[in-house]
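Hello,

Here is the structure we talked about handing over. My notes follow below it.

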Amino acid sequence: MNRHFKFSLTLALALGALSACQHLPLRRAKAPEATINKFSDNTLRRLYTLQDERNTTELLPYLSHPATQYRTEAALAFASVQDTLAVPALLHLLADSAVAVRRAAAYALGQTGSARAEQEVMRALKDEQNPAVQAALLEALGKVATPAGATFLNSYIPPNPTAKTGQAWGLYRAGLRQQVTQQGTAEAVHLLAADNPYEARLAAAHYLARTSKLDLTPYRRDLLTAATSDESPEVRMAVVQSLAKVRARDKAQFLSNILQSDPDYRVRLSAVRAMGGLEYAGIEQAVLAALQDSNINTAVATAEFLVANPNGVAVAPLAKLLPQLQDARVRGNLIWVILHNSQPQSKTFLNNRYKQQYRNARNPYEKAYLLRALSGDFGNYQYIADEMFAAQEPVVATTAMDALILMRQQPDFPKRMEEAFADILRQAVGTGDVALVGMAATAIRAPKLNLRPYYRDYSFLAQAQLKLQLPRDMETNIEIEKTLDYLNNRPESAAPQNPFTHPIDWDLARTIPTDQQVALHTEKGTITLQLLVEDAPGSVANFVELARQDFFDSLYFHRVVPNFVVQGGDKRGDGWGSSDYSIRSELAPLRYMEGYIGMASAGKDTESNQWFITHSPAPHLDGRYTIFAKVISGMEVVHQLEVGDRMLDVELKQAVNKTVSAR
């Protein structure tokens, strides 16, 4: 797996074969080498079809099939189906004679999220001798744990490095679900020690970074040691993120030092994000330097940090720096801060200047960022609304809506403008544009905006919902449903389910080799992917078919979240474009490490044509978003991509030094 493991040769030899296997994701059974992929097997195709159909009734008998391979595959199928009716049968498999079956059952039980599995998983751990299964059980326990399970995880004494890694992931999974104890937090800090396996340190770092409401002040020294000395930048970046939860007088100093010294941009970027709540004067010099960072993602994240934390930010240094910055996104965010923090007598002049820049811009993304920048001044409210409704490019209209919502979220938003804002949202719903409708519906129910009093008749939402085309507009449909529930003071309904409309194309999937590579040519360079057909046959077949249709050629990368993902595949170019069909989520036991490619979705089973590449490990996506490929070369290109960069074309590579067009 690309850049998955960071062990030195000496450490790898010392841990031996058992510890090495902890890094190998639980994979579905491989086909004989003579076949293109394992789907020459009729029974496997049948199993995956039942998984795709979410057919619990016909899948259940395969859990007791005489063949180990089919029991394993059936268990893994339920990791995607996630039907709790399978829990008793999966629990029975925890005593199976085959290691692969026990691992698969543990993963599937975690995926169900059912607390009914907790006691049996803990019981199985007491008897299990295989390190890989121990690790799978410990991580599964974190996904289903009540306080009893969290206590078990905290006090568990791992008998080997593989189990220690599993315990770390279990703590992380439990932390995401707020099953947290002081002992568990202390154990996570202990797992940061340099002599622990890479994945154990990584999981512990993400526990500390992503578990909310932790006070990590008592662990300041341990966290700083890991943040500045761990050999893995993936570990350092997460630990640095966790420093946001430390209270210390010298916090501005040590975060500024990390921001200006760490060689990996992702760590520097985490230092910026951890600065929230600090007095700006103490971090100003480091922030100004970060706006000119050699990696554009750090500069973008720093500019976004200033928008989120504008208090005390001096205008003059930003205005002086602005002409030196070329990136439209960075410039737009700085202009927002300049307008927001400028004196009233200066705003008329500045608004005229930036409106002229907006009118002169030719790139739709540059226009979008300049329009958003104007929301730094409440006086531009109507101008932005007018441009939103008149916009020809979807990304301009969508960003204008985002700008208005950002403006409304400001604590000093004028009370006199609230009713007009509510009316703008009503008009946006009336346009029928899938993005404006979805965004407006989301804003209407935002508790902090308190918009309910301005809507007595909700029929405008119901009328917009009737005009949606499903499954294409499912994301907007879900947002409208949630908003109608909110306005009617009723509990949130279950998310509407997409109909099963796009079965796996087995004629195509069977022809895709297990080592199939794809050359993704971009304006910044070429990224080579390897498709994972045996883990996600439906998603891979869908991607290959779209590539053959030239679907992705000349599309923009429409979303880049620094140190998270680069996203593309949207014809609209604003993230709201889908297809007239949806495919099913395929949740194989893989981890989102750096350079993994996943299907974007608005919820389970809503995938179609959008996908993303991760900048760094993103374990909160594991088991929730389909992984269908990984980057095998060109990560340096991924780390430089910006919103508005184009995919030139996609090639399916037939063999080394030999390609065949995707057409």
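What pLDDT does the protein chain average? This is a predicted model, and the average is 93. Of the residues, 94% score at least 70.

Two stretches need a separate word. Residues 1-24 stay under 50 in pLDDT. The model gives them 43 contacts beyond four places in sequence. Residues 656-661 also have a pLDDT below 50. That stretch has nine contacts in the model beyond near neighbours in sequence.

**Strand β6**

Which strands pair with β6? One is β4, residues 565-568, joined to β6 by four bridges. The two run antiparallel. Here Gln 567 has Phe 612 of β6 as its bridge partner. The other is β5, residues 596-599, joined to β6 by three bridges. This pair is antiparallel too.

Now the faces of β6, which spans residues 611-614. In a regular strand, side chains alternate between the two faces of the sheet. In β6, Trp 611 and Ile 613 sit on one side. Phe 612 and Thr 614 sit on the other. All four are buried, so both faces of the strand are covered.

**Backbone points to check**

Most residues other than glycine have a negative phi, and most peptide bonds are trans.

- Pro 471: the peptide bond from Leu 470 to Pro 471 is cis, with omega near 5 degrees. Pro 471 lies in the loop between α27 (459-466) and α28 (474-487).
- Arg 54: not a glycine, yet its phi is positive, about 55 degrees. Its place is the loop between α2 (42-53) and α3 (56-59).
- Asp 550: also not a glycine, with a positive phi of about 65 degrees. This residue is in the loop between α30 (537-548) and β3 (559-561).

Is Arg 54 buried or exposed? Arg 54 counts as buried because its relative accessibility is 17%, and the cut-off for buried is under 20%. Asp 550 is at 28% relative accessibility, so Asp 550 counts as partly exposed.

Best wishes

Note on methods: Residues numbered from 1 in each chain as written. Predicted model: local features only at pLDDT ≥ 70, side-chain atom pairs only at ≥ 80, totals over all residues. Heavy atoms only, no water. pLDDT = per-residue confidence, 0-100. Contact = heavy atoms within 4.5 Å. Buried < 20%, exposed > 50% of the residue type's maximum accessible area, 1.4 Å probe, protein only. Pairing = 2+ DSSP bridges.
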